[in-house]
Amino acid sequence: MSEALVVIHLSSLDSYTSAAKEAGDKSIGDLLADALIEEIRKHKGPVYIVDQGWDPDRPESEPRLRVLNSLKRKVTWIHFDEAEQDWDDFDRDVVRILKRDGIDRVVLAG
């Protein structure tokens, strides 16, 4: 059994970056991206990224693109869009995936 890092809704980094810029802080999206990059890099176990799959074509997507471009390891992608899917279904599905992969502990990020 092992411990997995699960990053929830990486695409939401775009919204976070945009909201921070509107509030006058242009660097907070980059700081969060840096923290995610570091956590993914140093995590010893498997990494799962839950994502809505938004197109990265907007200026506020730059921090997320840095995270994506930094991935130098195998990552398991799990698509989940809360606008189209129910959280209860997601919970059931992700637990099934983690059990299938022998995961007994989870660290959440995102």
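This is a predicted model: local features need pLDDT of at least 70, side-chain atom pairs count only at pLDDT 80 or more; totals for chains, interfaces and linings use all residues.
Helices and strands here are DSSP runs, numbered from the N terminus.

Aspartate 14 lies in helix α1, and with 1% relative accessibility it counts as buried. What does it touch, if residues up to four places away in sequence are not counted? The answer is Trp54, Asp55, Arg58, Glu60, Ser61 and Arg64. Leucine 65 is 51 residues away from aspartate 14 in sequence, and the two are 9.6 Å apart in space, C-alpha to C-alpha.

Now widen the view to the whole of α1. Its buried residues are Leu13, Asp14, Thr17 and Ala20. Looking down the axis of α1, you find these buried residues within an arc of 135 degrees, so they line one face of the helix. What covers them includes α2 and α3 (62-70).

On to the packing of the helices. Two packed helices are described by the angle between their axes and the distance between the axes. For helix α1 (residues 12-22) and helix α2 (residues 28-42), the axes come within 8 Å and cross at roughly 145 degrees. On the α1 side, Leu13, Tyr16, Thr17 and Ala20 do the touching, and they meet Ile28, Gly29, Leu32, Ala33 and Leu36 in α2. By class, that contact has seven nonpolar residues, two polar ones and no charged ones.

α1 also packs against α3, at an angle of about 140 degrees and with the axes 8 Å apart. Here Leu13, Asp14 and Thr17 of α1 meet Pro63, Arg64 and Val67 of α3. The residues of this contact divide into three nonpolar, one polar and two charged.

That leaves α2 with α3. Their axes are 8 Å apart and the angle is about 15 degrees, which makes α2 roughly parallel to α3. The crossing of these two helices is right-handed. From α2 the contact draws on Gly29, Asp30, Ala33, Asp34, Leu36, Ile37 and Ile40, and from α3 on Pro63, Arg66, Val67 and Ser70. Sorted by class, the contact of α2 with α3 has six nonpolar, two polar and three charged residues.

Histidine 9 is found in the loop between β1 (2-8) and α1. Although it is not a glycine, histidine 9 has a positive phi of about 55 degrees. With 7% relative accessibility, histidine 9 counts as buried. After α1 comes glycine 24, whose phi is also positive, near 100 degrees.

How values were computed: Residues are numbered from 1 along each chain as its sequence is written. Side-chain values use heavy atoms; hydrogens and water are left out. Axes are lines fitted to C-alpha atoms, for helices over the stretch in contact, and angles run from 0 to 180 degrees between N-to-C directions. Helices (H or I, at least four residues) and strands (E, at least two) are DSSP runs, numbered from the N terminus. Contact means heavy atoms within 4.5 Å. Ala, Val, Leu, Ile, Met, Phe, Trp, Tyr, Cys and Pro count as nonpolar, Asp, Glu, Lys and Arg as charged, and the others, Gly among them, as polar. Buried means under 20% relative accessible area, exposed over 50%, partly exposed in between (1.4 Å probe, protein chains only). The arc is that of the directions from the helix axis to the C-beta atoms. Angles under 35 degrees count as roughly parallel, over 145 as roughly antiparallel, 65 to 115 as roughly perpendicular and the rest as oblique. A crossing is left-handed if the near helix is turned anticlockwise from the far one by less than a right angle, and right-handed if clockwise.
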